[in-house]
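I am keeping notes on what I look up in this structure.

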Amino acid sequence: VDTLDKRRITNATKALVGQVQQARSFAVLLNQPVTMEFRYTDGSNWCFGVTDFDTCDCSVAGSCSIARPALPGVVKDPLDRIVVQSSSAEFPNVTLTGVANQARLIFEPTRGVRTDALGPDVTWSFSSTTRPRGTNVRVNAIGRASACTSSGGPLFGGLGAC
């Protein structure tokens, strides 16, 4: 049970870091702004997702998606999209806290840097509802995500202490 608990927090952390990296990369690749939406009604009911539309509702399955990049010499189907979202349903007993509900990270297409108004550094925290442990994910002003194990908790998932 302890190992499963650690794995859920680690996987949720990796999902968030990975989606931030995807959002930055897709903004440059598609040459258009890409938005990452966060929603939560409480710490245990949360979601986040990435879209190249103005906004998405990550609480609706399949709502957050990105256009699949065109391959050279292949006609692109505008309906060919990649769903990029995660939610608390995938990570039982893992809570998410951070910026207020419905926060949006926006990445610009030239260099993939953040253009939102959330401040230079934004941090979200994952924690276990069953054990005193957790992780922090920080997204800096240029859009780079980093993760660490919350101070006082055991190290896991290859993450260093915050």
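I began with strand 1 (residues 34–42), which is mostly covered, as seven of its nine residues are buried. I note here that the model is a predicted one.

Next I looked up which strands pair with strand 1. On one account there is strand 7 (residues 104–107), joined to strand 1 by four bridges and running antiparallel to it.

How many residues lie between strand 1 and strand 2 in their hairpin? I counted two residues between them.

**Aromatic rings**

I then turned to the rings. A pair of aromatic rings is described by the distance of the centres and the angle of the planes. The count came to five aromatic pairs. Stacked requires planes under 30 degrees apart.

Are W46 and F48 buried or exposed? W46 has 2% relative accessibility, so it counts as buried. F48 has 0%, so it counts as buried too. The cut-off for buried is under 20%.

W46 also pairs with F126. Their ring centres are 5.5 Å apart and their planes are at 65°, so this pair is edge-to-face. The cut-off for that label is over 60 degrees. I checked where the two residues sit: W46 is in strand 2 (residues 45–51) and F126 is in strand 8 (residues 122–128), so the pair ties together parts that are 80 residues apart in sequence. F126 has 1% relative accessibility and therefore counts as buried.

Which residues make up the aromatic cluster? I listed F38, W46, F48, F91, W124 and F126, which form one cluster.

**Helix 1**

My last entry is on helix 1 (residues 2–30). I tested its length: at 1.5 Å a residue, its 29 residues should span 42 Å, and the end C-alpha atoms are 41 Å apart, which agrees. The expected span takes 1.5 Å times one less than the number of residues.

Just after helix 1 comes N31, for which I noted a positive phi of about 55°.

Technical notes:
Residues are numbered from 1 along each chain as its sequence is written. This is a predicted model: local features need pLDDT of at least 70, side-chain atom pairs count only at pLDDT 80 or more; totals for chains, interfaces and linings use all residues. Side-chain values use heavy atoms; hydrogens and water are left out. Rings of Phe, Tyr and Trp (its six-membered ring) pair if their centres lie within 6.5 Å; planes under 30 degrees apart count as stacked, over 60 as edge-to-face and the rest as tilted. Buried means under 20% relative accessible area, exposed over 50%, partly exposed in between (1.4 Å probe, protein chains only). Two strands pair if DSSP finds at least two bridges between them.
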